[in-house]
Amino acid sequence: MLNSVKPVRSVIPALLLAMSTLLPMTGAHAETASETASAALPSVKVVTSKGPFVLQLRPDAAPKTVENFLEYVRDGFYDNTVFHRVIPGFMIQGGGFTSDLTRKPTQDPIVNEAKPTLKNLRGSIAMARTSAPDSATSQFFINVVNNGFLDAGVRGAGYAVFGKVTEGMGVVDAIAGVDTKNARGMANVPVNPVIIESVSVLEPAN
């Protein structure tokens with residue numbers, strides 16, 4: 001039995017050495033796979049009167065919501081709309097009104113894809129809706145702080161997160177800091193309109 005143990009002991013250092021040479025390759029492979037998956041996610045550039053920011057969308061997690069949002073983007077629906085509801089320490093909301101606060105006609109509402117795994121964290125974008133869970137159309141909001149009470153299952157159906165800001169969060173913060181007023185029956189309306197000048201899909205880098 002002693003003879004049977006000795007070969008095992010002698011093999012262990014060799015196995016550890018072999019494993020240590022494989023680990024960097026495995027890590028590199030995982031990192032490459034992660035980068036590839038991230039690169040495959042669609043991104044859009046939002047140009048506002050306060051500057052641009054970029055959103056990365058998550059069709060893998062909220063497919064109908066992303067499809068709906070991109071349809072509005074490709075139709076040019078968001079161009080020259082405004083952030084009509086701005087609350088510092090909470091969120092900025094837009095995508096439904098022109099600068100004179102005229103509501104734009106929308107497509108039919110979509111199903112609410114909110115889920116506990118997609119959280120309303122700072123920088124995330126989610127669909128705005130009424131008290132009815134499946135009532136979201138074109139309006140969206142960007143969280144400027146972590147808003148866990150908006151997550152699915154916390155206070156009901158929750159609000160569907162479908163992406164996040166990857167560039168230009170400072171622009172979002174600047175929008176969140178503008179002076180607001182009451183106008184046309186709405187509260188928290190920027191005194192000076194914050195225009196969404198254009199929203200466009202970014203082509204993936206080659």
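I started with Asp60, which forms a salt bridge with Arg58, the closest N and O atoms lying 2.8 Å apart. My rule for a salt bridge was a side-chain nitrogen of Lys or Arg within 4 Å of a carboxyl oxygen of Asp or Glu.

A note on what I am looking at: this is a predicted model, where local features need pLDDT of at least 70, side-chain atom pairs count only at pLDDT 80 or more, and totals for chains, interfaces and linings use all residues. Residues are numbered from 1 along each chain as its sequence is written, and side-chain values use heavy atoms, with hydrogens and water left out.

Next I checked accessibility (buried is under 20% relative accessible area, exposed over 50%, partly exposed in between, with a 1.4 Å probe and protein chains only). Asp60 is exposed at 52%, while Arg58 is partly exposed at 30%.

How many salt bridges are there by this rule? I counted two.

The other pair I looked up is Asp173 with Arg122, 2.8 Å from N to O. Asp173 sits in helix α3 and Arg122 in the loop between β4 and β5 (124-127), so the pair ties together parts 51 residues apart in sequence. Here helices (H or I, at least four residues) and strands (E, at least two) are DSSP runs, numbered from the N terminus. Asp173 is partly exposed at 31%, and so is Arg122 at 42%.

Then I turned to α3 itself, residues 169-176, where Met169, Val171, Val172, Ile175 and Ala176 are buried. They line one face of the helix, because seen down its axis they fall within an arc of 155 degrees, taken from the directions from the helix axis to the C-beta atoms.
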